[in-house]
Amino acid sequence: MIDFIDISKTFTIKKQQVAALQHVSLKVNAGDIFGVIGFSGAGKSTLLRMVNALETPTSGRIEVDGQDINKLPFSQLRQVRKRIGMVFQQFNLLNSKTVYDNIAIPLLLNRVDPKDIQLRVLELLDFVELTDKRNAYPTQLSGGQKQRVGIARALATNPSILLCDEATSALDPETTDSILRLLEKINQELNITILIVTHEIHVIQRICNKVAVMEHGKVIEHGSVLEVFCNPQQPMSKKFVQTVIADKIPASIIQVLQQDVRNYKIFMIRFLGENVNDNILYHINKAFDVETNIVFASVNELQQTVLGIFMVQVIGSNAEIQDVIDYLEQHQLNWQEVIV
Amino acid sequence: MMDLGVPYSQIVLAAEQTVYMVFVSLAIGTLFAIIMAVTLVLTNEKGILKNKYIYVVLNTMINIVRSVPFIILMVFILPLTKEIVGTRVGTTAALVPLVIFIAPYLTRLFENSVLEVDGGIVEAAQAMGASHFEVVWYFLLPEARGSLILSITTGTIGLLGATAMAGVIGAGGVGDLALTYGYERLNFPLMLFTVIILVIFVQIIQSFGNYFSSKIRNH
């Protein structure tokens with residue numbers, strides 16, 4: 001659907017070359033809600049804006065539905081842009097026009113028949129739940145309402161792709177949540193592929209199925225949200241994931257553990273999906289002569305799947321602890337030792 | 001009625017001449033100015049049709065014309081006036097220098113108005129697949145409208161001042177009346193009367209401008 005192939009982009013700012021993107025390759029499939037996360041300056045917005053050629057790469061190419069977007073003549077590029085909706089952090093609505101007229105603009109540009117414009121705009125107002133605001137001006141709306149108008153406008157021409165440039169970053173948490181629900185609905189009911197860039201990890205956690213983590217113009221990690229959240233590899237990814245998925249033992253418990261003179265090791269075990277119900281501790285306690293003690297646990301829901309993280313203190317002789325390790329290995333559990 | 005030393009019909013004629021000169025040159029000047037201002041904004045460093053040559057040439061031309069005082073501009077372009085309207089004198093002849101005077105002035109004001117429009121609006125327009133003309137017509141100009149009206153108001157008042165000097169080429173008008181009858185014949189009541197008329201003109205123009213501009217802006 002969207003194919004970024006070895007994209008690099010260099011800006012020249014005050015005669016200095018700044019590499020905004022370096023050899024980025026990503027593939028967004030039809031039906032995905034693909035999230036790109038990174039701090040500001042990571043190059044994620046630049047990447048997003050390349051999909052509709054608001055930005056052009058210095059090298060590499062972008063294919064949208066198999067078409068190299070930068071090889072199209074301007075008239076054809078305009079047609080492709082009409083099939084790609086875009087939503088902005090600052091909404092970018094026309095303050096001189098009503099909600100209704102803002103949503104009608106893309107249809108006006110498409111020379112749609114006035115009667116059909118009215119039908120479509122009313123339908124969109126209903127979809128984003130703003131029917132009562134049709135004659136309001138943007139300055140009379142709250143941030144969340146403005147973004148709903150922005151989304152309705154982006155959907156007006158029935159796009160197959162929706163680009164969201166920090167669409168929720170200017171909104172409070174509750175409003176963010178309602179906008180995210182709306183985006184989810186758009187993906188599921190209208191079957192629109194969504195590419196979203198954000199610096200908020202919970203946006204990714206909440207609606208994305210794929211994620212790419214960007215740092216200094218490079219994609220440092222990408223994959224399904226489950227993979228990356230369960231097992232982040234890069235320090236930056238870990239940092240992001242830790243803010244929503246707790247996997248650190250609280251300091252007060254660490255103090256207690258440090259004073260514990262018994263022979264023990266602590267294992268962090270991650271369970272995904274049905275594994276959670278496997279009652280692994282019961283089996284360990286029954287099979288081995290060790291004492292187990294849960295020192296920390298967190299359970300999170302991701303993509304309708306449960307991710308559980310348990311920190312288990314296993315107390316016993318070295319040989320017995322080794323038996324437990326062998327057991328964990330045999331059952332192919334995702335585990336690692338934690339040193340306190 | 002008070003005796004002003006000239007027939008009332010002459011005062012009415014002068015007022016008509018002023019209104020004629022101001023509004024015709026304003027209409028033509030605005031048209032040129034919109035085109036030039038939009039060209040400047042589109043071709044500037046951050047414009048969607050960035051073009052250094054067009055920008056520099058146009059920018060310099062505007063600066064040159066704007067540096068010539070109106071009274072000098074008027075006599076300097078007399079041959080051009082003759083070419084265009086067939087005569088060097090009269091009310092219609094004054095339109096040529098008035099347009100050449102006001103168009104670059106309005107261009108600068110309009111340029112600022114259009115530059116005030118958030119760049120995000122242009123980006124949204126492009127993302128919708130708008131052509132360059134559509135970006136201007138459906139996005140830039142409507143968004144700048146409130147500010148453009150204030151710019152036109154300022155321009156109109158500037159024009160009113162310029163018409164007073166158009167008497168030099170026999171264009172008539174309220175300003176000319178004040179100079180030839182009020183000043184040269186030492187007719188103080190007439191002088192006062194014309195000043196009052198000009199003040200009223202300016203007040204009306206400014207009030208209209210403020211009203212329409214705020215009506216558009218205060219949504």
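This is a predicted model: local features need pLDDT of at least 70, side-chain atom pairs count only at pLDDT 80 or more; totals for chains, interfaces and linings use all residues.
Asp6(A) is not a glycine, yet its phi is positive, at about 50°. Most residues other than glycine have a negative phi.

His216(A) sits in a loop of chain A. Strand E9 (210-215) lies on one side of this loop and strand E10 (218-224) on the other. His216(A) has 15 C-beta neighbours inside 10 Å. This count falls between the limits of 12 for exposed and 20 for buried, and His216(A) is therefore partly exposed.

At the level of the whole chain, two domains are assigned. Domain 1 of chain A spans 2-244, and domain 2 of chain A spans 251-338. Their centres, taken over C-alpha atoms, are 41 Å apart. Seven residues from domain 1 of chain A and seven residues from domain 2 of chain A make the contact. On the domain 1 side, helix H8 (residues 225-230) of chain A gives the largest share, with four residues. By residue type, the domain 1 side that touches domain 2 of chain A holds four nonpolar and three polar residues. No charged residues occur on that side of domain 1 of chain A.

Note on methods:
Residues are numbered from 1 along each chain as its sequence is written. Chains are lettered from A and ligands numbered from 1 in the order in which they are written. Helices (H or I, at least four residues) and strands (E, at least two) are DSSP runs, numbered from the N terminus. Domain bounds come from an automatic or database domain assignment. Two residues are in contact if their C-beta atoms, placed from the backbone, lie within 7 Å. Ala, Val, Leu, Ile, Met, Phe, Trp, Tyr, Cys and Pro count as nonpolar, Asp, Glu, Lys and Arg as charged, and the others, Gly among them, as polar.
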